[in-house]
Amino acid sequence: MNRFLIKILLLFCVAILLYNNSVAQKKPKPKPVKIQYGYFPNSVFYDIYVPSFCDFNNDSIGDIKGVTHQLNYVSSLGAEVIVVSPLCWTDDKAKKGPIDFRTIDPQYGTLADLKELVAEAHKKNISVLISFNINYTGVMHPWFLQGVNNTALQKNYVWKKSMTQKSGSDNFHKAKNYNDKYYGYAGNELPVLNFDNVNVKTELTEACKYLLLQSNADGIKFNDVDLMYTSDYNQRFRVWNSILKDLKKEKDNIFFMAQPTDTFTMNAKLIAAGFNASTSNPLTDAIIKSVTGGRDEGLVHQIVLLND
């Protein structure tokens, strides 16, 4: 371990001590709060990557029933909210590209299994958020398969000839039997959806509504929120605001978490768009950047802020 890394870790430890001491001096000890499912302020969140968490049916792949089976263990850890990884039916090796946004991937179980997980979690006062990859589909999605010969469906995706934003050449991929390349920032198996198209926004909103209402989940964590494609950069936040408003009409006390790929500077825009929280944290981001970059990348500033 190099000297700079040791210094960073020591600074982090000192920051935590200073912060805890500062909080203890400034704030009175809060009264105990009985946590109930649907209650999120200051809750303990626990991420669960379903494929590797617990294999209930012994097929070497984790599943939804496995998560339900382990709820006592999760509860013993003090978790009050579990965030399960994306469950939509996918066709790619990484299990990221949906081919049906309304159907649970058979490898993980069924919608009935998800509904059972939520019901059993609620009995233990644990809330459930489902993760959702909204920005792209798999190449076997009917929209993409039929889009080669269907102009209307082609408009559901982003094509190089019509793309207004700059992107590296590695992000464009040749479509079979079509004379243009499609945009796929996450790889050639994940063509990006065009949210300038109102039909795309409407269909994805309806898919989210369906999963929420059928499973009774408490909310959704949306992945790569800052990479949603709109021709105008700021338009994506207006699209998010519209989607979240529509979803909030369907269910009381619904919770939306954003997972941006950008740093915490994005958070203010996401909260303004209607998200309740973001996975991006300024101190965590500063630590990671400083350690990987071998120099201070805002860490000292974040440590100072802890005691302000």
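**Entry 1: ring pairs**

I count rings of Phe, Tyr and Trp (its six-membered ring) as a pair if their centres lie within 6.5 Å, and I call planes under 30 degrees apart stacked, over 60 edge-to-face and the rest tilted. The model is a predicted one, so I ask for pLDDT of at least 70 for local features and 80 or more for side-chain atom pairs, while totals for chains, interfaces and linings use all residues. I number residues from 1 along each chain as its sequence is written, and side-chain values use heavy atoms, with hydrogens and water left out.

I found 16 aromatic pairs in the structure. One of them is Phe 222 with Phe 256: the ring centres are 6.3 Å apart and the planes are at 35°, so I logged the pair as tilted. Phe 222 is in strand 8 (residues 219–223) and Phe 256 in strand 9 (residues 255–259), so this pair ties together parts that are 34 residues apart in sequence. I take helices (H or I, at least four residues) and strands (E, at least two) as DSSP runs, numbered from the N terminus.

Next I looked up burial. I use buried for under 20% relative accessible area, exposed for over 50%, and partly exposed for in between (1.4 Å probe, protein chains only). Phe 222 counts as buried because its relative accessibility is 0%. Phe 256 is also at 0%, and therefore buried.

Phe 222 has a ring pair with Phe 275 as well: the centres are 6.2 Å apart and the planes at 80°, so the pair is edge-to-face. Phe 275 lies in the loop between helix 10 (267–273) and strand 10 (277–278), while Phe 222 is in strand 8, so the pair joins parts 53 residues apart in sequence. Both Phe 222 and Phe 275 are buried. I then followed the ring pairs onward and found that they link Phe 101, Phe 132, Phe 222, Trp 240, Phe 256 and Phe 275 into a cluster.

**Entry 2: nonpolar cores**

By a nonpolar core I mean a set of buried Ala, Val, Leu, Ile, Met, Phe, Trp, Tyr and Cys residues joined through side-chain atoms within 4.5 Å. The largest such core has 58 residues, and Ile 82, Phe 132, Phe 195, Leu 204, Phe 222, Trp 240 and Phe 275 touch the most other members. Apart from that core lies another, of nine residues, including Val 158, Phe 172, Leu 190 and Tyr 229.

I listed the contacts of Leu 204 (heavy atoms within 4.5 Å). Not counting residues up to four places away in sequence, Leu 204 touches Phe 101, Phe 132, Ile 134, Trp 143, Leu 193 and Phe 195.

I also noted Lys 160, which lies over the face of Phe 172 at 5.3 Å from the ring centre. For this I require NZ of Lys or CZ of Arg within 6 Å of the ring centre and within 35 degrees of the ring normal.

Is His 141 buried or exposed? His 141 counts as buried, because its relative accessibility is 7%. I placed His 141 in the loop between strand 5 (127–132) and helix 6 (142–147). Leaving out residues up to four places away in sequence, His 141 touches Pro 98, Ile 99, Asp 100, Phe 101 and Tyr 157. The side chain of His 141 reaches the backbone nitrogen of Trp 143 at 3.0 Å.

Asn 156 sits in the loop between helix 7 (151–154) and strand 6 (172–174). I logged Asn 156 as buried, because its relative accessibility is 4%. Beyond its neighbours within four places in sequence, Asn 156 is in contact with Trp 143, Val 192, Leu 193, Asn 194, Asn 197 and Val 200. I also recorded Asn 156 and Phe 195 as 39 residues apart in sequence and 7.7 Å apart in space, C-alpha to C-alpha.

**Entry 3: cysteines**

How many disulfides does a search of the whole structure find? I found zero disulfides, with a disulfide taken as a pair of cysteine sulfur atoms within 2.5 Å. Cys 88 is in no disulfide, and the nearest cysteine sulfur, that of Cys 208, is 8.0 Å away. Cys 88 is buried, with a relative accessible area of 9%. Cys 208 is at 0% relative accessibility and so counts as buried.

**Entry 4: positive phi**

Most residues other than glycine have a negative phi. I noted Asn 125, whose phi is near 55°, a positive value. Asn 125 lies in the loop between helix 5 (111–123) and strand 5, and at 29% relative accessibility it counts as partly exposed. Asp 224 has a phi near 50°, also a positive value. I found Asp 224 in the loop between strand 8 and helix 9 (235–248), and at 14% relative accessibility Asp 224 counts as buried.

Note on methods: A polar contact is a pair of N or O atoms within 3.5 Å; within protein, one must be able to donate a hydrogen and the other to accept it, and residues adjacent in sequence count only if both atoms are side-chain atoms.
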